[in-house]
Amino acid sequence: MAGNRRWGRWVVFLAAVVIVAALAISHRGRDRGDAGPSPSPGSSSTAPFTGAPAQEARPVLAVKIDNVSAARPQTGLTKADIVYVEEVEGGLSRILAVFSSQLPARVGPVRSARESDLELLRQFGSPALAYSGAQSKLLPLIAAAPVHDVSPAHAPQAYARDSSRPAPHNLYASPRELLAAAPGASLSRDIGFRFGAAPSGGTPTARETVRFPSATVGLRWSTDRARWLVSFDGRPATATEGGQLGAPTVVIQYVTVRASGYHDRLGNASPYSETVGSGRALVLRDGKAYDTRWSRPSAAQGTAFTTTDGMPMRFAPGQVWVVLAPRP
């Protein structure tokens with residue numbers, strides 16, 4: 001009888017341990033949030049932004065980079081993990097480059113931020129954001145956003161003018177000094193990108209062109225270089241560090257582009273590219289184009305890309321370009 005009572009107490013004790021463990025796991029799940037891509041750091045096998053071999057998570061730096069003809073060729077883009085191209089006033093394009101796994105010695109020309117940058121960057125947590133000025137009414141919004149402001153007003157030591165170029169297309173920054181001014185910048189983490197072997201299907205494609213109202217982004221597959229070579233407004237996009245810009249994977253993400261509540265000095269409304277929601281995307285890799293769906297339920301979540309049969313769309317390892325194209 002005593003043995004039975006001792007056995008009963010052991011059973012009760014073990015059951016309690018199991019219940020406590022289950023509650024702890026459930027609590028952690030609620031803290032993370034169950035919908036959309038996980039915001040936790042990159043997996044143990046690959047870097048979350050590029051699919052490169054495993055490395056420790058590093059701080060995230062986003063830099064707004066000029067993309068008018070007077071600003072080309074740009075500096076530092078070859079070291080970016082992700083290059084976003086977005087529409088700005090007058091139908092022109094501008095770049096938001098995301099750095100983490102590598103840092104160039106210099107990056108630029110640095111230009112002004114836009115409201116939609118803040119929504120786009122929410123999926124990265126609280127990254128450092130380098131930019132040169134913004135519409136005055138937008139500055140309070142930037143100050144309230146979960147970004148570490150490393151503009152010249154907050155990190156002047158990181159910037160310098162290049163006398164060989166005309167202003168305002170001549171402001172350059174040191175990424176290392178920018179991150180030194182943002183010690184709390186969030187580390188790289190899962191934003192929804194998946195890497196690996198190409199899915200079945202796809203349409204053999206040699207060229208694609210994205211058209212903004214007053215700018216174009218041309219993409220040409222190079223078998224020799226195993227990447228999509230980029231052109232801006234009909235001319236090859238080169239880097240001051242040498243060579244033509246390009247990436248193994250380019251995502252043409254079709255988004256709603258609407259007028260924001262902000263304007264430039266000439267009174268033109270600043271476009272707002274909506275990156276929360278869902279829609280069509282065209283993913284270019286390995287000389288093929290894949291019809292894809294993108295989905296981002298909320299600003300704090302990453303962007304999932306799926307094939308037409310509902311499977312994750314896998315990118316080729318390496319730098320990723322995302323062109324936020326107006327919905328047709």
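This is a predicted model: local features need pLDDT of at least 70, side-chain atom pairs count only at pLDDT 80 or more; totals for chains, interfaces and linings use all residues.

Is Asp162 buried or exposed? At 17% relative accessibility, Asp162 counts as buried, where buried means under 20% relative accessible area, exposed over 50%, and partly exposed in between, with a 1.4 Å probe and protein chains only. Residues are numbered from 1 along each chain as its sequence is written, and side-chain values use heavy atoms, leaving out hydrogens and water.

Let me turn to strand β12, residues 227–232, strands here being DSSP runs of E with at least two residues, numbered from the N terminus. Five of its six residues are buried, so β12 is largely enclosed by the rest of the structure. Strand β11 runs antiparallel to β12 and is joined to it by six bridges, pairing of two strands requiring at least two bridges found by DSSP. Leu219 has Val230 as its bridge partner in β12. With β13, β12 forms a hairpin that has two residues between the strands, and Asp233 in the turn has a positive phi of about 55°.

Asp233 also forms a salt bridge with Arg72, with the closest N and O atoms 2.9 Å apart; a salt bridge is a side-chain nitrogen of Lys or Arg within 4 Å of a carboxyl oxygen of Asp or Glu. That pair links distant parts of the chain, 161 residues apart.

Methods: Helices (H or I, at least four residues) and strands (E, at least two) are DSSP runs, numbered from the N terminus.
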